[in-house]
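Me: I have just opened this structure and would like to understand the words used to describe it. Could you take me through them?

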Amino acid sequence: MKRSIWFAATAGAFFSVMTAGTLQAQQDPGPRAGATPGIGEAYTSLTPNEAAFFTQARMRFEEVDSVSGTIESGSGLGPTFNGNSCAQCHGQPVVGGSSPGLASPQNSIPNPQVALATLDNATNVVPSFITTDGPVREARFVRNRDGSLDGGVHGLFTVAGRTDAPGCTASVLPQPNFAAQLAAHNVIFRIPTPVFGLGLVESTPDAVLQASLAATQSARSRLGIGGSFNSSGNDGTITRFGWKAQNKSLLMFAGEAYNVEQGVSNELFTNERAAVSGCVFNGSPEDATLIDEAPEGNDSGDLVNFAIFMRFLSPPAPAAQSNSAQNGASRFTAIGCALCHTATLSTGPSQYSPLNSVSYHPYSDFAIHHMGSGLADGINQGAAGPDQFRTAPLWGLGQRLFFLHDGRTADLLEAIEAHSDCDSSNGNGRRRRDFSFFGPFSQSGSCRSEANGVIRNFNALTPDQQQDILNFLRSL
Amino acid sequence: MFLLLILIGLAGSGGAAAQPGTCAPDPALQQEIRNAATRQPTNPTAFDENVGPFLALRQHHPDDLFVHERYQDAVQQFGIEGHLRMLTQEYQALAIAHPSDLRYRYLGARALIGRSTPAALQELNQLIGENPEFAPAHQSLAEIYASEIFRDEAKAAAEKQEFLTLCPGSELASLPRPLPEPSPLLDQAERLLDQGSDPNPVLGMVLQGLQSDEWRLQRIRPFDWYSTSYKREAQQALQSRYWQAWSIQVRCYRRANQLEKAVGLLRSMEQRAAVLNNSDPMYWDASAALARLYAEANQQELAAQKLDFMRQFLSSHPDNRRARQLEELQKVIANPAGPGMS
């Protein structure tokens, strides 16, 4: 009897050691070091005029805004804002990317939103979810005080107290009470999406997206994967930019972000947000076509320049793949990841030669999918409901620092596991991290995510096979 | 003779008479308006405080034309873009709510003066075309046509004549109203620092000076009294003041032994300078400020580099004032023990 117990205990310990050993074997290799050739640059096949426009457009993308253009050359910042330039948030691994961060091998910087809070004498308090080593974030409130749906972005900061906002004080224009909203589980977050290669996405006909989705319908059904497209309420065409594919075009994407993130009213979003009378310093729209002056021959407003920058910005090229990464690519398809993270799409005819009828590799179907209670953020955007998200394009993922819409993790393995809302373990006995802070609608074991079947497949792989997939993803 | 005087008097009136209550407020109200106006603003940026007495007056006399005019004047005098926008919206709403009341139609047009003056001119001209005896509209037109940007001497004289005929003895205002002067605080702060003053109050002066100058700019930017080039010059002047302010701040931090702050601000100045086009006038100001700060910290190589930038700028943009400035800066840097290098 004693011997049996001894044997059982020894076997148990041996199993634990083996399990721990294998668990340590699969891990996110982390953001890829080194430069990716061509990243952050325009297509080399642009015409000279297009290339010249791109150069100017990139300067606009990098331009820093102050309230009225006195402290910095750009103007229109506020009354509320999350950032003071496009490039501030779209900075990893280079301008045009996603959130910068300390863990970057290319450009290790602290979250710039921390310093922004008090830049130029501003009196903002840094909200608890903005940290030096965390991602750049925006905040959305799920509901209004009266219980009706909100869903809009609430600027983290205001211009109150800044030297270039005289007379605007925190009593007139207070910051939102984020602590109270957090306590009420009424605030969710979004991180910046990278903008590399988006001209290709914009140039993809609806029919290509629809055909691509239709081609995998039966395979998706077997794994419980649905999928539909978000669309414009006016012309009915597929919208494809943003975390919920809520924006139709790059121009629209830029216009909304300019007003929401930097507080710059523009020709698409003409009215100032949070327009408290003592804190509005510029006529609207703050950014517009330059009728009176055309610096360097470019009379377009910032919006057109931002859209051109994104349109002509080449996609990230994947790194050379190791054997493991090549195995991972096959495994990625075999277990069903590629049913949503579609590897290849093609553009239609375009007036821009680099975008004209070419194939590209976004690893997204640009459809929206139910991701279950673990990821649900309660926000409706167009046809995308509270738990629906666009399949995040994976190109460039190898050099990204933060994952999922709210940047809740920097660990790729955790990001994969978070696709499932079914189990509390990752299938290998390891307890998942508690992300309830980020998921106000988390319901343990609700099993509504369309990715549950694929994640089950992933968890059924051996640690080495899972590692292959991680290595493949970090090669993108 | 007496009969002749009566006849002349009648002829002088031309048969025209202002609509009752449109030339001047009654004496009691006039006194109330004077009382509201006697409060001198202590802080020009304190909009609510400065406009408050006129707002209170309007609440007591919600239908009085002159009270509304003075309230509008106060918003125009102390307000910035957001206040002006609200004023326009409010009076447009009042005009819509009182479609048969000429006063509100007039006030709606008057609220546009200074910000959308061509639109105000159009509405006021239309108004007097239909109601030639409405004196306040002639008054506003006369004031606008007498202004520098919308100057039309013949029309100004004609409208003035109409107004004074309808309202003899009345006065016209001069538009636009005077701007506040640029703040002397930055220059004072610099002098105090050179004289070895405590850096803490100097830092406060710098901040206050910048905010006053920003406010002044906000009193220029929304108004069409000022030309685009004037607005641009005012903005560039203020950008230049920021470089002066940051430079003083770095020196204050150094003096107060807050070296981390000094280094941080100097770094951000460098970052700001790095994105300036080398033909931008700010490039000159940035280089001058940085040259001096580096020289003060005995970083001669960096100071020399900035002086080189200034020389290059000067060779492509010859300018006597800048040439003198460069010469003086070179002397100061060469003689670090002298004044201004403490």
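Reply: Happy to; we will go term by term, setting values against definitions. This is a predicted model, in which local features need pLDDT of at least 70 and side-chain atom pairs count only at pLDDT 80 or more, while totals for chains, interfaces and linings use all residues. Residues are numbered from 1 along each chain as its sequence is written, and chains are lettered from A and ligands numbered from 1 in the order in which they are written.

Me: Why is Leu141(B) called buried?

Reply: A residue is buried if 20 or more other C-beta atoms lie within 10 Å of its own, exposed if 12 or fewer, and partly exposed in between, with C-beta atoms placed from the backbone. Leu141(B) has 27 other C-beta atoms within 10 Å, so it counts as buried.

Me: Where does Leu141(B) lie, and what is it in contact with?

Reply: Leu141(B) lies in helix H8 of chain B; helices (H or I, at least four residues) and strands (E, at least two) are DSSP runs, numbered from the N terminus. Leaving aside neighbours within four places in sequence, Leu141(B) is in contact with Leu124(B), Asn125(B) and Glu159(B). Here, contact means that the C-beta atoms of two residues, placed from the backbone, lie within 7 Å.

Me: What makes H8(B) and H9(B) roughly antiparallel?

Reply: Two packed helices are described by the angle between their axes and the distance between the axes. Axes are lines fitted to C-alpha atoms, for helices over the stretch in contact, and angles run from 0 to 180 degrees between N-to-C directions. Angles under 35 degrees count as roughly parallel, over 145 as roughly antiparallel, 65 to 115 as roughly perpendicular and the rest as oblique. Helix H8 (residues 135–146) and helix H9 (residues 153–166) of chain B pack at about 150 degrees, with axes 8 Å apart, and H8(B) and H9(B) are therefore roughly antiparallel.

Me: What is the handedness of the crossing of H8(B) and H9(B), and which classes of residue make up their contact?

Reply: The crossing of H8(B) and H9(B) is left-handed. A crossing is given that name if the near helix is turned anticlockwise from the far one by less than a right angle, and is right-handed if clockwise. Among the contact residues are His138(B) and Leu141(B) of H8(B), and Glu159(B) and Phe163(B) of H9(B). The contact of H8(B) with H9(B) divides into eight nonpolar, two polar and four charged residues. Ala, Val, Leu, Ile, Met, Phe, Trp, Tyr, Cys and Pro count as nonpolar, Asp, Glu, Lys and Arg as charged, and the others, Gly among them, as polar.

Me: How do you know how H5(B) and H6(B) are oriented?

Reply: The axes of H5(B) and helix H6 (residues 102–110) of chain B come within 8 Å and cross at roughly 155 degrees. That makes H5(B) roughly antiparallel to H6(B). Their crossing is left-handed. Tyr91(B), Gln92(B), Leu94(B) and Ala95(B) of H5(B) meet Tyr104(B), Arg105(B), Leu107(B) and Gly108(B) of H6(B).

Me: Why is H6(B) described as largely enclosed?

Reply: Eight of the nine residues of H6(B) are buried, so this helix is largely enclosed by the rest of the structure. Arg103(B), Tyr106(B) and Arg110(B) are among the buried residues. The cover over the buried residues of H6(B) includes helix H4 (65–78), H5, helix H7 (117–130) and H8 of chain B.

Me: What makes H10(B) and H11(B) roughly antiparallel?

Reply: The axes of helix H10 (residues 185–194) of chain B and H11(B) come within 8 Å and cross at roughly 165 degrees. That makes H10(B) roughly antiparallel to H11(B). Their crossing is left-handed. Leu185(B) and Leu192(B) in H10(B), and Val202(B) and Met205(B) in H11(B), are among the residues that meet. By class, this contact has nine nonpolar, four polar and no charged residues.

Me: How many residues of chain B are in contact with chain A?

Reply: 22 residues of chain B are in contact with 19 residues of chain A. H11(B) gives the most to the side of chain B that touches chain A, with seven residues. That side divides into 10 nonpolar, eight polar and four charged residues.
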